[in-house]
Amino acid sequence: MTRTLKHRIGRAGGVFVTGTDTGIGKTVAAACLMRALDGDYWKPVQAGLADGTDTDTVKRLTGFGPERFHPSAYALSAPLSPHEAARRDKVSIRLSAFRRPRTERPLIVEGAGGVLVPLNKKSLVIDLIAKLNLPVILIARSGLGTINHTLLSLRALRSRRCAVLGVVLNGPRNAANAAAIETYGRTPVIGQLTPIRSLSAKTLDRAAKRLARALGTPAP
């Protein structure tokens, strides 16, 4: 039986969405995955509350009801790295406090920043990925500099034996960069999120359908 990426995510109970950087498009990718997989959403650590949360954005873009969204374990005031935002809020982030929410649907987990972003004095986001034991989709920008950032992130994930399903590139199409990531990173580029001029539920739905088709292809 040929297994698809969607099948692998279903068997694992979800997927962890991380990135090569902050502001890389993880939230839009997570919303697309939520629509593509008919899943639930969880942001374990939310840093920066004043301008609205990533959960609020995903709710607006997907149109799903509140029962699909699970509360963050930590909601921090400042839009900073979690370890610094927690320090300013006089909060201590504990890895033991993170537990996967229970759901019958695939759980889409969105990380904070990149894989080596600190959570506290000892733990990084990659430690949370390893603890939750979910396969990973890595979001990367498509343009100049992405090869180095993506290969470093893939190497870090493999050093912790995290299962990487593939890379999603965000930005204008760049076939050369996609080919380089697949060759040197030994990881498939499973999707491309091209710039969306007006981000809305309708335009996101079109992107989600394209991603759903990619997830339905045979897994490597």
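**Exercise 1.** Determine whether Leu199 is buried, partly exposed or exposed, and locate it in the chain.

*Solution.* The model is a predicted one. The relative accessibility of Leu199 is 34%. Buried requires under 20% and exposed over 50%, so Leu199 counts as partly exposed. Leu199 is placed in the loop between β9 (189-193) and α8. Its C-alpha atom is separated by 9.1 Å from that of Val28, and the two residues are 171 residues apart along the chain.

**Exercise 2.** Classify the geometry of the ring pair Tyr41 and Phe69, and describe where its members lie.

*Solution.* A pair of aromatic rings is described by the distance of the centres and the angle of the planes. Pairing requires centres within 6.5 Å, and the count comes to two aromatic pairs. For Tyr41 and Phe69, the centres are 6.0 Å apart and the planes stand at 55°. Stacked planes are under 30 degrees apart and edge-to-face planes over 60; the pair is therefore tilted. Tyr41 belongs to strand β2 (residues 40-42) and Phe69 to strand β4 (residues 69-70), so the pair links distant parts of the chain, 28 residues apart. Both Tyr41 and Phe69 are buried.

**Exercise 3.** Which residues form the positive surface patch, and how is Arg206 placed within a helix?

*Solution.* The patch consists of Arg173, Lys202, Arg206, Arg210 and Arg213. Arg206 lies in helix α8, which covers residues 201-215. Patch members need over 30% relative accessible area; Arg206 has 45% relative accessibility and counts as partly exposed.

Technical notes:
Residues are numbered from 1 along each chain as its sequence is written. This is a predicted model: local features need pLDDT of at least 70, side-chain atom pairs count only at pLDDT 80 or more; totals for chains, interfaces and linings use all residues. Side-chain values use heavy atoms; hydrogens and water are left out. Patches are made of residues with over 30% relative accessible area and no salt bridge: like charges are joined within 9 Å, nonpolar side chains (Val, Leu, Ile, Met, Phe, Trp, Tyr) within 5 Å. Accessible areas come from the Shrake-Rupley method with a 1.4 Å probe; for residues, only the protein chains shown count as cover. A salt bridge is a side-chain nitrogen of Lys or Arg within 4 Å of a carboxyl oxygen of Asp or Glu. Lys and Arg count as positive and Asp and Glu as negative; His and the chain ends are not counted. The place of a charge is taken as NZ of Lys, CZ of Arg, CG of Asp or CD of Glu. Helices (H or I, at least four residues) and strands (E, at least two) are DSSP runs, numbered from the N terminus. Buried means under 20% relative accessible area, exposed over 50%, partly exposed in between (1.4 Å probe, protein chains only).
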